[in-house]
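This briefing is written for a reader who is meeting the structure for the first time.

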Amino acid sequence: MKFDDLDTKMRCYEQSIDQHVLSDMYLVARLDGRSFSRLTKEICDFEAPFDERFRDMMVNTVKTLMDCGFRVVYGFTESDEISLLFHVDEDTFGRKVRKFNSILAGTASAAFSLQLGQVAALDCRLVPLPNLERVQDYFLWRQEDAHRNALNAHCYWMLRKEGMGVKEATEMLEGKSVSFKNELLFSRGINFDKLPSWQKRGIGVYWADVEKVGYNPITKQEVKATRKTLSVNYELPLGEEYAKYVVSFLKDA
């Protein structure tokens, strides 16, 4: 069989389950660490429940993803997950799902592994959203997840550090209300509301215009230029203010 005929025949199989995100949909990608609980608590010596070294690795991974060839206008990270909001006109690879998933997961895994000094993997899924309201809902949902994760983590690791085993600490917190967990921490001298915002609300990464001063060797004068650079917000707003904050990056893009 001639190569061209074989190539045409086999590409039908290769492309048989390809999907494309519709052009009129807003697009978010969510990445999650694979077995990161074991990685951070058993294999690596990270502090529980939160470690600034791990936080910084995740932020740097977001920055790498936002500058890897896709038009990402906003990045968000909490715990071991990352969410990326794409420019409304992003059409790289014709919005082919497998291209986005494989490149983003591969890039994130490589970026994080290089910082960690050993192999780590993140997976990726695309989330098509029909309108700005759902974009806002998505990021409010992930921020609320950050809040719940932080509260549970602080309670769990407080009990573990007091000597409770895994099963005992888990059972003590299972099914308990938010107020119960807040009171539990407060009874040990921990005011959850006073803990760092980045632990409870997640971290935002965005493009910002920054004025830089350079030197023109021809005119021998200083020149000013505006360039886009990645900035990090460790003090994200809450609720409706946060929803507006996120979509502002789509409007300014």
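Where is the place of Pro49? In this predicted model, Pro49 sits in the loop between α2 (36-43) and α3 (52-66), and a cis peptide bond with an omega of about 5° joins Ala48 to it. The points below take up the backbone, the nonpolar cores and a surface patch in turn.

**Backbone**
- Most residues other than glycine have a negative phi, and most peptide bonds are trans.
- Ser79, which is not a glycine, has a positive phi of about 55°, and its place is in the loop between β2 (72-78) and β3 (81-86).
- Arg95, found in the loop between β3 and α4 (97-116), has a positive phi as well, near 60°.
- Ser79 is partly exposed, with a relative accessible area of 41%, whereas Arg95 is buried, at 1%.

**Nonpolar cores**
- The largest nonpolar core holds 51 residues, of which Leu31, Leu84, Phe86, Leu104 and Phe112 touch the most other members.
- When residues up to four places away in sequence are not counted, the contacts of Leu84 include Leu27, Leu31, Val62, Met66, Tyr74 and Leu104.

**Surface**
- Met1, Leu6, Met10 and Tyr13 make a nonpolar surface patch of about 480 Å².
- Met10, which lies in helix α1 (residues 3-14), counts as partly exposed because its relative accessibility is 43%, a value between the limits of 20% and 50%.

Methods: Residues numbered from 1 in each chain as written. Predicted model: local features only at pLDDT ≥ 70, side-chain atom pairs only at ≥ 80, totals over all residues. Heavy atoms only, no water. Core = buried A, V, L, I, M, F, W, Y, C linked by side-chain atoms within 4.5 Å. Buried < 20%, exposed > 50% of the residue type's maximum accessible area, 1.4 Å probe, protein only. Contact = heavy atoms within 4.5 Å. Patch = residues over 30% accessible without salt bridge, like charges linked within 9 Å, V, L, I, M, F, W, Y side chains within 5 Å. Areas by Shrake-Rupley, 256 points an atom, 1.4 Å probe, with all protein chains shown as cover. Salt bridge = Lys/Arg side-chain N within 4 Å of Asp/Glu carboxyl O. Helix = DSSP H or I, 4+ residues; strand = E, 2+ residues; numbered from the N terminus.
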